[in-house]
Amino acid sequence: MAASEGADIRHDWRHSEIEELLGQAFNDLLFQAQEIHRRYFDPNELQVCTLQSIKTGGCPEDCKYCPQSIRHPAGVESEPLMSLEAVLAAARRARAVGATRFCMGAAWRRPKDRDLTRVIEMVGAIKALGMETCATLGMLTAEQAQRLQMAGLDYYNHNIDTSPEHYPSVITTRTYRDRLETLAHVRAAGIKLCCGGIIGMGESRADRAGMLRTLANLPEHPQSVPINQLIQVPGTPLYGAPAVEPFEMVRIIAVSRILMPKAWIRLSAGRCEMSDETQALCFLAGANSIFYGERLLTTDNPAEQHDRALFAKLGLRFQVRSEPARSACEAAGERIRRPT
Ligand code: SAM
Ligand code: DTB
Ligand code: SF4
């Protein structure tokens, strides 16, 4: 444990401890998660991120969950890398509705250096709007991670997706080790890490514990942890996988919060398939970040109006944006719509 870290922050979790946490009485688990959550965060504040697919479809990888792989007949049209102007327009719209982080996703195995140059221009322009930036572009070399850091990228998203044991039955075109290597390059470059996984790919509870253990035992906890519920897209090999039990999703969020107390835990893909009550339990369990806006990359996310009504019912506020962001918005004459 680093000298400055409290007793809550550990990197030596044993598999059995995590399975025990996952399996304890629901009320005890939620109480423990909520206690830790309140030590580090305002429990009524949500971080709001908006996702933009800047390069869609045609991906050579074989991730069995993903509609953007060329190997699966999921009907996603391939589109080239978006122009800087179009990405900026999307970021402005996201800022106007209250998003503080703009995340750009590209369906690449790894970016070509000339494509990275274009993404770097986008990062600079979005930062000038006063928003946090995040990108998910596939595997990176150490040099590419450094270039992104120099451009001022705040977060890099690269998920481990599942446990080391379950991984080969989901993806064969790159290894778990490849993923960990990219995470190491991102960390070494000093970019904050956004790293999580997907629940509902036919994995066991032991696999879920294994995924959370990998995340929690990284040399540093990811600053942001997206927990996705599989969105089952017709044509992908995982279409028809057994559905995730809602209470299991809540348990996974609670254990993520306990294991990584200071991380933003994002209730990520899959909210359209969840009831408002399940989402409320996830927020109680320590989820404090969401994707806001009607699209994820190629699939639907809840309508903004629906989300605003839900957050109002729960008394959840959007995270207050930073001072530079506020000034940038005022300079642009934009008003920020808050949940009512
Ligand atoms: N191509 C890059 C990569 O894989 O690193 C970036 C984009 S990829 C779509 C980003 C993440 O989205 C994946 O790692 C996966 O965790 C998540 N994802 C993709 N399809 C999903 C689905 N159908 N349901 C839930 N999450 C999904
Ligand atoms: C993450 O963990 N989830 C987001 C983001 N990182 C890039 C992606 C979810 C994608 C859901 C399927 C789709 O819309 O294509
Ligand atoms: Fe490609 Fe990323 Fe989809 Fe895998 S998850 S097929 S790497 S876009």
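User: Which hand is the crossing of α4 and α5, left or right?
Analyst: Right-handed, in this predicted model.

User: Where do those two helices sit in the chain, and at what angle do they cross?
Analyst: Helix α4 covers residues 113–127 and helix α5 covers residues 142–150. Their axes cross at roughly 15° and come within 10 Å.

User: So what do we call α4 and α5 relative to each other?
Analyst: Roughly parallel, because the angle is under 35 degrees.

User: OK, now α7 and α8. What's the angle there?
Analyst: About 25°. The axes of α7 (residues 205–216) and α8 (residues 246–259) are 10 Å apart. That angle makes α7 roughly parallel to α8.

User: And which hand is the crossing of α7 and α8?
Analyst: α7 passes α8 in a right-handed crossing.

User: What about the space ligand 3 takes?
Analyst: That space is the largest cavity.

Methods
Residues numbered from 1 in each chain as written. Chains lettered and ligands numbered in written order. Predicted model: local features only at pLDDT ≥ 70, side-chain atom pairs only at ≥ 80, totals over all residues. Heavy atoms only, no water. 1 Å grid on protein atoms, 1.4 Å probe; cavity = no way out; pocket = protein on both sides within 12 Å on 5 of 7 lines; lining within 4 Å. Sits in = over half its atoms within 2 Å of the grid points. Axes fitted to C-alpha atoms, helices over the stretch in contact; angles between N-to-C directions. Helix = DSSP H or I, 4+ residues; strand = E, 2+ residues; numbered from the N terminus. Parallel < 35°, antiparallel > 145°, perpendicular 65-115°, else oblique. Left-handed = near helix turned anticlockwise from the far one by under 90°.
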